[in-house]
Amino acid sequence: MDLSEQCIKTLQTNDHGTHTVPAPGLYPHQWLWDSCFCAIGWSQIDIDRAKQEIFSLIHGQWHNGMIPHMIFDMSPKYARSRNMWRSWLSNNSPSDIATSGITQPPLLAEAVSRIGTQMKKTDRQNFYKKVLPALIKHHQWLYNERDPHKEGLALQIHPHETGMDNTPPWMNQLHEHSLPWWINIIERLHLNKIINAVRKDRHYVPANQRIQNTEAMMCWDIQHRLRRKHYDIEKILHRSLFLIEDVHFNSIFVRNNTLLTEIAADARITLPEDLLENFERSKVALESLWDENFNTYFSRDFVSHHLLREPTIACLMPLYAGTISQERADKLVKIMTNDKSFWLKFPVPTVPRNMRSFNPNRYWQGPTWINMNWMLIDGLARMGYETESEALRSNTIELLREQGIWEYYNPQTGEGLGSKDFSWTAALALDLLEV
Ligand code: GLC
């Protein structure tokens with residue numbers, strides 16, 4: 001079977017009718033950015049199915065505009081998973097389905113516009129008109145609830161909102177501000193065996209490729225605290241020590257603001273004036289994350305306003321935003337193509353090799369992920385770095401051809417890691433093959 005046949009088969013296997021699950025077994029629900037990437041893949045083979053992926057995400061939208069990072073399978077066997085989040089505690093949650101209480105990178109406009117480019121003008125405009133109200137509401141929510149000081153950047157309240165669950169700067173912040181006493185006790189009493197037993201992910205993927213127990217417990221603890229506050233942003237912001245303006249999330253936000261503007265223009269819908277003003281403010285605000293000494297962008301602690309100076313792939317993501325100056329983009333491309341840090345045999349690792357936290361096998365602490373490569377390939381091309389974009393595209397396709405469809409890959413050996421038959425890898429491979 002050639003690569004594109006493998007990709008189509010993977011998407012079809014993981015297709016649950018209205019949405020695509022990220023992988024069989026390990027991830028049985030719907031995730032926000034996964035579905036956006038899947039829709040991009042579906043649009044290459046079945047436009048109606050691609051549109052359906054978007055409609056099912058919108059079905060999960062909260063009354064305040066948030067699109068949750070997870071929409072749960074409602075079958076009885078997943079009652080425990082739904083109960084972890086208890087979205088019904090919030091008046092803002094939809095009444096007919098259960099979801100998580102946080103969001104994920106806002107890639108909906110990207111998915112919608114990619115589907116649109118495959119459609120005839122009138123069909124496209126009709127599709128855009130149908131999804132625009134939800135899309136606008138989602139971006140408005142990001143400003144209303146997540147930008148309380150009107151800085152132009154959206155803040156994140158849980159590491160999973162970045163989609164890069166255990167990325168080192170976030171894990172370090174958790175250690176510093178949010179290490180609950182009971183985690184210390186579990187560690188001191190060497191009770192890790194109990195944690196291992198309750199972690200279902202270990203049934204599917206070797207422990208050394210997944211998030212570590214302490215990190216998983218810290219994430220769980222934050223989730224529990226958000227749930228106690230019924231996901232009410234006023235209560236969460238009040239005296240919270242743990243809020244981050246993540247550079248990866250905000251780069252995606254800025255790009256999707258631009259795409260939303262284009263979609264609305266195409267559908268001849270006027271966006272609210274204050275939303276357009278916010279879009280402009282965000283472009284400027286992204287620049288406030290630039291660090292002159294490191295010549296790169298970093299995430300920022302919302303409370304102390306200090307940059308979190310720890311290089312990861314997130315620092316390169318303003319290339320995807322597409323609004324940064326050529327001068328700064330040049331500096332990022334130089335960092336990205338340095339073979340001591342990011343340009344390994346199978347780039348782009350999520351943590352540069354010369355960092356102490358680099359681990360080529362562990363989740364978001366080193367492995368190469370195809371969705372990150374896809375966004376960089378796209379951003380590089382848009383910013384005029386055709387050679388680098390093409391080099392990364394052909395390297396990524398070679399990796400996929402050699403290894404098949406995995407969740408992530410060892411950037412030094414290419415070995416496929418995590419879950420096999422991972423949906424967004426298949427979906428984005430289809431798109432990369434198309435160019
Ligand atoms: C993991 C990833 C996240 C993804 C989810 C479902 O939690 O870190 O980015 O959305 O799995 O695939």
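Which residue forms a salt bridge with Arg 300, and how far apart are the closest N and O atoms? The partner of Arg 300 is Glu 245, with the closest N and O atoms 2.8 Å apart. The structure is a predicted model, in which local features need pLDDT of at least 70 and side-chain atom pairs count only at pLDDT 80 or more, while totals for chains, interfaces and linings use all residues. Residues are numbered from 1 along each chain as its sequence is written, and side-chain values use heavy atoms, with hydrogens and water left out.

**Salt bridges**

- Side chains of opposite charge can pair when their charged atoms come close.
- The model holds 21 salt bridges, each defined as a side-chain nitrogen of Lys or Arg within 4 Å of a carboxyl oxygen of Asp or Glu.
- The salt bridge of Arg 300 with Glu 245 has its closest N and O atoms 2.8 Å apart. Arg 300 lies in strand 6 (residues 300-301) and Glu 245 in strand 3 (residues 244-245), so the pair ties together parts that are 55 residues apart in sequence. Helices (H or I, at least four residues) and strands (E, at least two) are DSSP runs, numbered from the N terminus.
- Arg 300 is buried, at 7% relative accessible area, and Glu 245 is buried at 0%. Buried means under 20% relative accessible area, exposed over 50%, and partly exposed in between (1.4 Å probe, protein chains only).
- Asp 15 pairs with Arg 49, the closest N and O atoms being 2.8 Å apart. This pair links distant parts of the chain, with Asp 15 in the loop between helix 1 (3-13) and strand 1 (30-31) and Arg 49 in helix 3 (residues 47-59), 34 residues apart. Asp 15 is partly exposed, at 26%, whereas Arg 49 is buried, at 7%.
- Within helix 16, Asp 378 and Arg 382 stand four residues apart, about one turn of the helix, and form a salt bridge with a closest N and O distance of 2.8 Å. Asp 378 is buried at 15% relative accessibility, while Arg 382 is partly exposed at 33%. Salt bridges with shared partners join Glu 110, Arg 114, Asp 378 and Arg 382 into one network.

**Helix 2 and aromatic pairs**

- The buried residues include Trp 33, Phe 37 and Trp 42.
- There are 24 aromatic pairs, in which rings of Phe, Tyr and Trp (its six-membered ring) have centres within 6.5 Å; planes under 30 degrees apart count as stacked, over 60 as edge-to-face and the rest as tilted.
- Phe 37 and Trp 374 form an edge-to-face pair, 6.2 Å centre to centre with 75° between the planes. Phe 37 lies in helix 2 and Trp 374 in helix 16 (residues 370-382), so the pair ties together parts that are 337 residues apart in sequence. Both Phe 37 and Trp 374 are buried.
- Ring pairs link a cluster whose members include Tyr 27, Trp 33, Phe 37, Trp 374 and Trp 424.

**A charge over a ring**

- Lys 130 lies over the face of Phe 55, at 4.8 Å from the ring centre. The criterion is NZ of Lys or CZ of Arg within 6 Å of the ring centre and within 35 degrees of the ring normal.
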